[in-house]
Every structure is written in C-alpha cells, then in structure tokens.
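Subject: Handover of a structure and findings

Dear colleague,

Please find below the structure that I am passing on to you. My notes on what was found in it follow directly after.

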Amino acid sequence: MYSSIHSSSSSTPLYDVIGPDDPDAVAEVDIYYIPTVVHVVHNGGGTPSFLTFSEAEGYITRLNNDFRGVNGGLDTKIEFILAKVDPENNCTNGVTSRRSLLTDLVVTEGSSQSNPLESLIKWNGSYLNIWIVNSIENQAGNTVYGFSSLPTLINSDGIVIAHDSPPSTLTHEAGHYLGLFHVWGINSGCFENCGETDDENDDLNDLVSDTNPALGPTNNNGCGPSFNGICSGSICDDNDIPFAVEPYPLENYMSYAGECHTTFTPNQVVRMRYFLNTIYEFIWYPGYIIKKEMIVDQETKFHKDVNI
C-alpha cells in the first residue's frame, strides 16, 4: 500500500488543472537535475542497518531509469543526483546513516501530519530528502510501502520508503513529491474519482487529461491490455452519461499496480515540470553545471565543475 502526506490547502496550485500551454509549465532546461540525499534510518542491528552505499545508490539508479524512460517509458527529462556537498559545504557521497526507533514508523494516511523523521535528520536547502526505514504501518496495522509530501508554498519534507518496498515505490512517491495524484483522483466517491479524459473533466479525477479514468485503487490481476478498470461503463457524471470504456491505467506509475508500472504520461510530465519551475525552483540545477566532479560555488551555492 502506498500513502502520501497531503500537506496543502485547496487554495494552492496543487489543486489546479495545469496544461501544456501554461507558461510556467514550459521546460526551462533540457534536463532538470535534482540534488538528493538518502538518509538510512536503522535500529542498530537489523535491516536496513547495513545498507551499503552501492545499495542506496541503487535506489537512485532505479528512480532515474524510470524517470528517464530507460526501460521503454516516457523520458520526463528529470534526473536525481546524489549530493556532492552537504548544507555546510562539506564533501559527501549523498548518503547518511542514523540510529533511531523511528525506523519502524506508524503513520496516519492522508493526514496533514508532519514527517516525524524531519526532526531526526533533514538537509535543508536545495535537496530532495529521501528516508529509507525498516517498516511503515498505518494505524490499522496495514503495511505502507512509502509516503511523500506534496508541493506547497513551504519547504516540503521529502519522501519516506520502507527498505523492502516494491521496486517502483520510490518512483511513485517521487511523482507525489512533484505534484501528481493517484490515477483515480483526489477524493473518494464516484463523481470525484472517475473523470473523463477530456480537459473539461480534469477536475473529476487526477487533474491530468491523458490518464485513463479510474474509479479507485486496484491491484493488478495481470498487466495485459485487455484488463479494464472498474470505471468501465460506470455512470458517474452529473448528466448520467456513462464514461467511455477505457483500460485501467495499470502501467502508470501513479497506480497501485506496481508490477505493471512502466511510464508517466506527457501531461503528467507537464504537471511535474510546472512545480519544478515554481514551488521547487530553488532545488534543481541546469544541466550545463552538473559534472562528475563538483565543488560548491560559495556565491551561488550551485555545484560546479572544478575546472569552471
């Protein structure tokens, strides 16, 4: 089960429809590079206490493969790089380790609660913080794979995942971090959760016009194209007109069908790009200043090649 922390009010752009014609959604660079820090939180003895740098790096590699469409999905032109410099301008490999009982978390799903790990360790400034913990449960005792903050007008917390979560969990939560909702939408109930795919009905589902309608979460019973979601033939709109019979978007990273995940849609990319250009404009760096060997520029705080 995935989760997300909804830490915004309805007055923020988070709940607006953002189309490709929005000037704030136009690509400002060819590739958006996001400096990232991975915090491994452990209990001193068990998993993920001995998560190696290579293993932590593997999470970022998989995240980048998904976001850059390496395995056949859409290339979002968004890439995550382990930080080379910490907030005090010291060299780092972008991975930290902390011992804490918070490695076994209990969360309230869908609440506006703050991330309890923030008080343990968080790098403020131009970083995406990712915490890897031993386990996450909701108050009912059900397993939660991960959760994320959503973009707001304040500094968002970051992403938390369990160390044994399915491979695409981090990609799913990064989608939330960059402003995406689940494919079935924001609220519960037929009307809110089962929107059409045309622009006039974006606000009935996930605020994205090119994801197929989905009435609610579903786990997959196969990833074949013949599988239809529970929206098929449903009479959900306010004019009692059935929604078109569309395959449930199992392949979308914002569904719950993790084994089927392969891609984002073009308009999901537009939406993520909008939040990178606005709420997260402080966090990403233009590609031309990202090199393999970097130092921090004391004036701009950008990571720059040592030869520049």
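Why is helix H2 described as largely enclosed by the rest of the structure? The reason is that 9 of the 9 residues of H2 are buried, where buried means under 20% relative accessible area, exposed means over 50%, and partly exposed lies in between (1.4 Å probe, protein chains only). Helices (H or I, at least four residues) and strands (E, at least two) are DSSP runs, numbered from the N terminus.

Before the details, a word on the source. This is a predicted model, in which local features need pLDDT of at least 70 and side-chain atom pairs count only at pLDDT 80 or more, while totals for chains, interfaces and linings use all residues. Residues are numbered from 1 along each chain as its sequence is written, and side-chain values use heavy atoms, with hydrogens and water left out.

Confidence is expressed as pLDDT, the predictor's confidence in each residue, from 0 to 100. The chain has an average pLDDT of 78, and 69% of the residues score at least 70. Among the elements of the chain, H2 has the highest mean pLDDT (97) and strand S11 (residues 303-305) the lowest (40). Please read two stretches with caution: pLDDT stays under 50 over residues 5-11, and also over residues 288-308.

To return to H2, its buried residues include His-172, Glu-173 and His-176. They pack against H1, S2, S5, strand S7 (146-148), S8 and H4, a contact being heavy atoms within 4.5 Å. Just after H2, Gly-179 takes a positive phi of about 105°.

Strand S8 is covered on both faces: Ile-159 and Ile-161 are buried on one side, and Val-160 and Ala-162 on the other. Two strands pair if DSSP finds at least two bridges between them. S8 pairs with S5 in the parallel sense over 4 bridges, with Trp-131 standing opposite Val-160. S7 and S8 run antiparallel and are joined by 3 bridges; here Gly-146 has Ile-161 as its bridge partner.

Helix H4 (residues 266-277) has 12 residues, which at 1.5 Å a residue should span 16 Å; the expected span is 1.5 Å times one less than the number of residues. The end C-alpha atoms of H4 are 17 Å apart, which agrees. Of the 12 residues of H4, 10 are buried, among them Arg-271, Met-272 and Leu-276. The buried residues of H4 pack against strand S1 (32-42), helix H1 (53-67), strand S2 (78-82) and helix H2 (169-177).

In soluble globular proteins, nonpolar side chains tend to be buried together. A nonpolar core is a set of buried Ala, Val, Leu, Ile, Met, Phe, Trp, Tyr and Cys residues joined through side-chain atoms within 4.5 Å. The largest such core here has 52 residues, and Phe-67, Ile-78, Phe-80 and Leu-178 have the most contacts inside it. H4 gives the most to this core, with 6 residues. Ile-78 touches Met-272 and Leu-276, among others, not counting residues up to four places away in sequence. A second, separate core of 16 residues includes Val-41, Ala-83, Ile-136 and Phe-147.

Finally, Asn-64 lies in helix H1 and counts as buried because its relative accessibility is 13%. Asn-64 touches Glu-79 and Phe-80, again leaving out residues up to four places away in sequence.

With kind regards
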